[in-house]
Amino acid sequence: MANIEDIHIPQQEIDQVMSMNKLLDFKYASWNKKQPNQPSPYWLELKLPFLDQSGLPIPQLYAYFSYRPARREGLIPSMSFIAFYKNRRIFAVDQGQCLAHSNKIINVIPPAEQHIKGAHYHILHGRENQETGYRLEEKYQKSCDFLELMCYFLQQFKVTANGTIPHPILSNNGQMELL
């Protein structure tokens with residue numbers, strides 16, 4: 001079976017996808033359990049196609065969001081906001097308790113650190129065919145605010161949201177969050 005890193009996307013194509021204006025239609029979006037028999041608190045996921053300005057799906061480009069409430073009081077929930085293109089993660093934002101990321105490459109633009117801790121975002125670099133993680137600003141490091149991080153992802157990836165973004169906990173999915 002082929003490795004995901006065998007899929008090489010040229011940098012020019014990545015730049016084109018990153019810079020284009022996109023839409024996500026949340027009108028009928030709903031969160032689902034990631035796996036049927038997972039223990040509580042369970043992971044929820046939401047998958048949506050990215051649309052062009054005419055409202056047509058952009059081929060091979062989709063959004064994948066996942067969320068799991070904090071496992072106990074005093075911890076922060078785990079969240080991922082991901083843009084997949086040709087089954088490769090080209091842009092993502094990750095938040096969760098004790099996150100760490102090691103970069104295989106650091107001589108890229110923008111320059112990257114070898115190791116980062118805390119909330120971070122990822123960019124795929126076409127020439128190196130590797131993702132690089134970058135630490136988010138300090139104000140996001142302890143954020144439990146799903147909508148704040150979702151809006152950061154949407155803004156950075158040049159996406160306009162149509163409809164109301166459904167909150168994973170407040171969307172009547174049977175999951176409760178620790179307060």
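Which residue lies over the face of phenylalanine 157? Lysine 22 does, at 4.1 Å from the ring centre. A charge counts as over a ring when NZ of Lys or CZ of Arg is within 6 Å of the ring centre and within 35 degrees of the ring normal.

Some ground rules. This is a predicted model, where local features need pLDDT of at least 70, side-chain atom pairs count only at pLDDT 80 or more, and totals for chains, interfaces and linings use all residues. Residues are numbered from 1 along each chain as its sequence is written, and side-chain values use heavy atoms, with hydrogens and water left out.

Back to rings. Lysine 33 puts its charged end over tyrosine 42, 4.5 Å from the ring centre. The whole structure has 16 aromatic pairs. Here a pair means rings of Phe, Tyr and Trp (its six-membered ring) with centres within 6.5 Å; planes under 30 degrees apart are stacked, over 60 edge-to-face, and the rest tilted. Ring pairs build a cluster, and Phe157 belongs to it. Also in that cluster are Phe26, Trp31, Phe50, Phe65, Tyr67, Phe81, Phe91, Tyr121, Tyr134, Phe146 and Phe153.

Now charges. Side chains of opposite charge can pair when their charged atoms come close. How many salt bridges does the structure hold? Five. The test is a side-chain nitrogen of Lys or Arg within 4 Å of a carboxyl oxygen of Asp or Glu.

Take lysine 86 and glutamate 13, which meet at 2.6 Å, N to O. This pair links distant parts of the chain, 73 residues apart. Lysine 86 is in the loop between strand E5 (78-85) and strand E6 (88-95); glutamate 13 is in helix H1 (residues 11-19). Helices (H or I, at least four residues) and strands (E, at least two) are DSSP runs, numbered from the N terminus.

Next, exposure. Buried is under 20% relative accessible area, exposed is over 50%, and partly exposed lies in between (1.4 Å probe, protein chains only). Lysine 86 is partly exposed at 26%. Arginine 89 bridges to aspartate 94 at 3.8 Å, N to O. Aspartate 94 is buried, at 9%. Glutamate 138 meets arginine 135 at 3.0 Å, N to O. Glutamate 138 is exposed at 58%, while arginine 135 is partly exposed at 38%. Shared partners join Arg89, Asp94 and Glu131 into one salt-bridge network.

Last, cysteines. A disulfide needs two cysteine sulfur atoms within 2.5 Å. The whole structure has zero.
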